[in-house]
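Welcome! Take a moment to turn the model around on your screen, and then let us walk through it together.

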Amino acid sequence: MEFDIYKLLRPNIQNLSPYSSARDEFYGDEGIFLDANENPFPSDFNRYPDPFQRKLKEALAPVKGVRPSEIILGNGSDEILDLIFRSFCIPGKDSVVTIKPSYGMYRVLADLNDLNLIEVALNTEFQIDASSVLKAAEEAKLIILCSPNNPTGNELDRNEIHKILQNFNGIVVIDEAYSDFSDISSAIELLDDYPNLIISQTLSKAYGLAGIRIGIGISSEEIIRVLNTVKPPYNVNAGSQRVALERLKNTETVHKEIIQIKMERSRLFTYLQTNENIIKVYPTEANFILFKVNDANIWYKYLVEKGIVIRNRTNNFGCTNCLRITVGTNEENNRFMEIVDEMKNNPVFQNSIAK
């Protein structure tokens, strides 16, 4: 496939000169800094952070198996996705293709950027058909695929993803927010074969850093250079960079937590699958499970009243009467199971929870 990034870029982005901050023009830890109009009195955060998060990228690169120059960091993965939308898609003109059901933020970003969002339905098992996606994307600039998908939890068929990458001349984004929990390898391994591929990941899920908001974009150096041109100068604050660096020093702990979450996922999946009042449990490679009941609204309300908050996905396409539960700690999962067991003997719910 012949790939020319400059044919895809918005015309005004092709010659855009990025804002040059003080920390762009001089990078170092020592000196008397009188260049950035900062408060000179020392504190933890009186200085602007590194706008390119160099130390954090150097720590992340070996974990992800890429070079630091192939990484861009953002204020959550939503910012990475927004940068991609703004770099390649012309407002009021271009289209973006994604799947449904999937992550609701794709539509929000498309609406914010005045783009036409085309959603291709997954089949009844929540799997993708490459030919349908490619047909919908004939006039599109961008395809976004979430895998493992949210809210369904399953990995999209990698063979179908290959077909899309091989036959689409625009940008393909694979959103891998939940890939750390999957037994299927990351699509990062496809980057050398497909210059139009961007991988989106996050430190919010497996790394337990949702509160500091760090998203990760991984792609070719050429694409990363473009995204760095468009991004705000100090988009990841100093505190977030510091916390993330400390967490990356303890990857062994992270891996242990992932193993524990996957063990709990398996236990919770088995429980749901053998519960006679649950109609269907969908396969998952994420840290959550989607399951179908007779009346999701009644289940949700009852669980909330008992102090258990899960997600009601009944209004999502293809998810009528489906609930999504995040895998919690052993104690939290036990409590959820206790409450569900109690429902069996509650006369108020006899009709609503039965198949």
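How much space lies in the largest pocket? In this predicted model, the largest pocket holds about 750 Å³ of space. Its lining is made up of 39 residues, and those closest to the centre are Tyr103, Asn150, Tyr178, Lys205 and Arg324. Several elements give two or more residues to this lining, among them helix 5 (77–88), helix 11 (251–273) and strand 11 (322–326). Strand 2 provides the largest share, with 3 residues. Sorted by class, the lining of the largest pocket has 16 nonpolar, 12 polar and 11 charged residues.

Now look for the second largest pocket, with about 540 Å³ of space. Here 19 residues form the lining, and Asp29, Tyr48, Pro49, Asp50 and Ala238 are the closest to the centre. Helix 4 (54–64) and helix 10 (238–248) each supply at least two lining residues, and the largest share, 4 residues, belongs to helix 10. By class, this lining has 8 nonpolar, 4 polar and 7 charged residues.

Our last stop is helix 12, which spans residues 296–305. Its N-terminal end is capped by aspartate 295, with a side-chain oxygen 3.1 Å from the backbone nitrogen of asparagine 297. Within the helix, Ala296, Trp299, Tyr302 and Leu303 are buried. Seen down the axis of helix 12, these buried residues fall within an arc of 135 degrees, so they line one face of the helix. An α-helix has 3.6 residues a turn, so residues three or four places apart point the same way. On the face turned away from the buried side, you will find the exposed residues Lys301 and Glu305. After helix 12 comes glycine 307, with a positive phi near 85 degrees.

Key. Residues numbered from 1 in each chain as written. Predicted model: local features only at pLDDT ≥ 70, side-chain atom pairs only at ≥ 80, totals over all residues. Heavy atoms only, no water. Buried < 20%, exposed > 50% of the residue type's maximum accessible area, 1.4 Å probe, protein only. Arc of directions from axis to C-beta. Polar contact = N/O pair within 3.5 Å; in protein donor to acceptor, adjacent residues only side chain to side chain. 1 Å grid on protein atoms, 1.4 Å probe; cavity = no way out; pocket = protein on both sides within 12 Å on 5 of 7 lines; lining within 4 Å. Points joined across faces, edges and corners; volume = space filled by probe spheres on them. Nonpolar A, V, L, I, M, F, W, Y, C, P; charged D, E, K, R; others polar.
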